[in-house]
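Hi everyone, thanks for coming. Let me put it up on the screen.

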Amino acid sequence: MPIETKQRKPSISAYFKTLGIKECKSKRDFWKHVTEVDSVLAEDLEPLISRKKQGNLYVVKNAVLPFSLAVESWTQSFHQSFLTWINRQNQLKPKRILEIGCDNGLLACWYATRFPDAEIVGIDQSANGIRCAKELSKQLGLANMSFYRIDFNELRERFLMNSFDLIISVRTFHEIMGPLFIPKYWSLPDCLKENPTYGDCLYLQIVDELLTEDGTYLSCERFENPADVGKWANSLKQANLHVQWDDCDIIDYHELGTKKRSPIIVATKRETGITTLEGMEHLYTKDYPLVLEAGKSYNGAKAEFAYHRLGEKIFKSGHSLDVPGHWHVFRFEIWETSVFLLVYSYGNMGHRHLDILPAGADLDAQLLIEEAIVQYSHLGPIVQYDHQEDCPKSYIMSTMEK
Ligand SMILES: C[S@@+](CC[C@H](N)C(=O)[O-])C[C@H]1O[C@@H](n2cnc3c(N)ncnc32)[C@H](O)[C@@H]1O
């Protein structure tokens, strides 16, 4: 049944439902659903997803449209959050949209519905993906779109410079740029001090060239942790694309039941004069301003920004956990400022948790450390240190792992 295309903001849930995309809360739910749709393809796909077998996942996933759409149930909640965010952006009035890595056209077809007056172009290197995308747009009766099987690196040869006023990429650049270095860092300010980039900015220069002078580039990429977001912002800047931090957001969703968050990065050619670190602090704290008082606890990037805002500190005690056979390292430390006692758990892969306690609450701080240790001790042996210099691997606060 064709979906109404002229409606301004159609329902995303209805869109997914019509296409047979289900919200799956576990892997079991997901495999049950895709197996019901096509048991042979589901059996071929499983070893590719679980990496038991090597092969091109997109060939199998996009073998036929109904199966391709059923597989979107894995990312249903992510796509729903992302499209809900797009729906709220009333200032977006694009004339020509390019989606990089459009796969089976699920998102592109939504843009065509959401922006009926715009022309939508989807590109992907997967032949099966593009075939599914064309079939989907036809099935939905969408006339304002076209799909091309093109490698991202050929875009300059196929489209005119400055010819798209909205360019979108969702979870695509980690594939275009190849396997990326997984950032290990102890402190965001240290990590970002020398303006590291996410990868070669030549890729993003292609985006810059295709974008109109007043155009917008929206990216919602697969970032391992906030250090990646900072590096992405630096790569964008090198390509003359400046993150408009005020317009960025973080979306919440779940992936087969596991809670996740992803930033949506809005970039334009307009310089902002804001450093990446300042912008990131704004992004991660704008909906939840930091209150630096006893009794407050923070997680993730917020914990790190709160920790740094608390200024001068004296180290009191610490425990470290190096996960055997892995590069995860965790620290559980107590620090003292002139007014607070801080219990800071942090890992080199981006884990952060901060509890702010009143000065003198040593017993409570000790209990929190013990709780954290109990929670993580199954990962490996824990070593205690009373002086920062004694921390295993001679770790010091300002050290950034390269
Ligand atoms: C993880 S999927 C994401 C698809 C879609 N954007 C989404 O959010 O569901 C990545 C997509 O990027 C495409 N892709 C990877 N490398 C590419 C390249 N060099 N040029 C064009 N497309 C590419 C893949 O074929 C795949 O469809």
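Let's begin with the ligand. There are 16 residues around it, and the closest are Gly101, Asp103, Phe152, Val170 and Glu175. What sort of residues make up that shell? They split into 5 nonpolar, 6 polar and 5 charged. Please keep in mind throughout that this is a predicted model.

Now let's step back to the whole chain. The protein chain has 16 helices and 14 strands. Along the principal axes, the C-alpha atoms fill a box of roughly 70 × 50 × 35 Å. Of the 402 residues, 42% are buried. And if you take the contacts between residues at least 6 apart in sequence, 68% of them join residues at least 24 apart.

On to the domains. The assignment gives us domain 1, covering 79–283, and domain 2, covering 297–394. Their C-alpha centres are 35 Å apart. How many residues are in contact across the two domains? On the domain 1 side there are 10, and they meet 9 residues of domain 2. Two helices each supply at least two residues to the side of domain 1 that touches domain 2: H11, at 188–192, and H13, at 226–238. The residues on that side of domain 1 divide into 6 nonpolar, 1 polar and 3 charged.

Is H13 mostly covered or mostly open? Covered: 12 of its 13 residues are buried. Among the buried ones are Pro226, Trp232 and Leu236, and also charged residues, including Asp228, Lys231 and Lys237. What do the buried residues of H13 pack against? Quite a list: H11, helix H12 at 202–210, strand S6 at 242–243, strand S8 at 258–268, helix H14 at 276–285 and helix H15 at 300–309. Just past the end of H13, have a look at Asn240, which takes a positive phi of about 70°.

Let me finish with two individual residues. Ser297 has 14 C-beta neighbours inside 10 Å, so it counts as partly exposed. Leaving aside residues up to four places away in sequence, Ser297 touches Leu354 and Asp355. Leu354 sits 57 residues from Ser297 in sequence, yet their C-alpha atoms are 5.5 Å apart in space.

The other is Arg131, which you'll find in helix H8, residues 127–139. Arg131 has 19 C-beta neighbours inside 10 Å; a residue needs 20 or more to be called buried, so Arg131 counts as partly exposed.

Key. Residues are numbered from 1 along each chain as its sequence is written. This is a predicted model: local features need pLDDT of at least 70, side-chain atom pairs count only at pLDDT 80 or more; totals for chains, interfaces and linings use all residues. A residue is near a molecule or strand if its C-beta atom, placed from the backbone, lies within 6 Å of it. Domain bounds come from an automatic or database domain assignment. Two residues are in contact if their C-beta atoms, placed from the backbone, lie within 7 Å. Helices (H or I, at least four residues) and strands (E, at least two) are DSSP runs, numbered from the N terminus.
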